[in-house]
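Trainee: Can we go through this one together? I'd like to start with the fold and then look inside.
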Amino acid sequence: MKTNAKTLVMYYSFTGHTKEMAEKQAKKNNADSVEIKESKKRSKWNAYLKGCVQARKQSSTKIDEVNIDFTKYERILIGAPIWAGYPAPAFNSMIDMIPSGKEVELFFLSGSGSTAKTRNKIKKYLSDHHIKVSKYMDLKS
Ligand SMILES: Cc1cc2nc3c(=O)[nH]c(=O)nc-3n(C[C@H](O)[C@H](O)[C@H](O)COP(=O)(O)O)c2cc1C
């Protein structure tokens, strides 16, 4: 953590692509970066069987506790991989942490990009949590 960083990059990554992109973004923006980890380590099987169901339901998952002072950041970037057409469950857990009224920039990594339906569902999830989306990046890994 840098003491005077005004940008935060917060991300979850299962196989490393989102982490790589998050680190690039953090370097480019002289930002703090925080990797969010699920409390229970997921196997690949679990990711495909249970994780995809959770992702489609837009459910959160238990994550390791992190202490972030969101008031000190002017920009917040949040990154996650797409699972079964939806952000991985840890994305929802990250959104649950963001104070209401904040604005965020989102970036998603996926094999084939996300559909318009997915984008709308994600934006609705955020607006239900009173969080504004100022930028949305769909990146293919
Ligand atoms: C459980 C699981 C489900 C996935 N579902 C999709 C999908 O529906 N569409 C897609 O384009 N890619 C899908 N992928 C591919 C990932 O989104 C892609 O490899 C991404 O870059 C992974 O990011 P990560 O390395 O940060 O975990 C899936 C990968 C996993 C592990």
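Mentor: The protein has four helices and six strands, taken as DSSP runs (helices H or I, at least four residues; strands E, at least two) and numbered from the N terminus. This is a predicted model, where local features need pLDDT of at least 70, side-chain atom pairs count only at pLDDT 80 or more, and totals for chains, interfaces and linings use all residues. Residues are numbered from 1 along each chain as its sequence is written, and side-chain values use heavy atoms, leaving out hydrogens and water.

Trainee: What pattern does the protein follow along the sequence?
Mentor: The pattern is β-α-β-α-β-β-α-β-α-β.

Trainee: And how much of it counts as buried?
Mentor: Of its 141 residues, 45% do, with buried meaning under 20% relative accessible area (1.4 Å probe, protein chains only).

Trainee: Which residues touch the most others in the largest nonpolar core?
Mentor: Met10, Ile78, Phe91 and Leu106, out of 32 residues. Such a core is a set of buried Ala, Val, Leu, Ile, Met, Phe, Trp, Tyr and Cys residues joined through side-chain atoms within 4.5 Å.

Trainee: Which element gives the largest share?
Mentor: E3, with five residues. Apart from this core lies another, of nine residues, including Val9 and Leu77.

Trainee: Back to Ile78. What does Ile78 touch?
Mentor: Leaving out residues up to four places away in sequence, its partners include Met10, Phe91, Leu106 and Glu105. Contact here means heavy atoms within 4.5 Å.

Trainee: New topic: how far apart are the mean positions of the charges?
Mentor: They are 6 Å apart, for 26 positive and 14 negative charges. Lys and Arg count as positive, Asp and Glu as negative; His and the chain ends are not counted. Each charge is placed at NZ of Lys, CZ of Arg, CG of Asp or CD of Glu.

Definitions and conventions: Buried means under 20% relative accessible area, exposed over 50%, partly exposed in between (1.4 Å probe, protein chains only).
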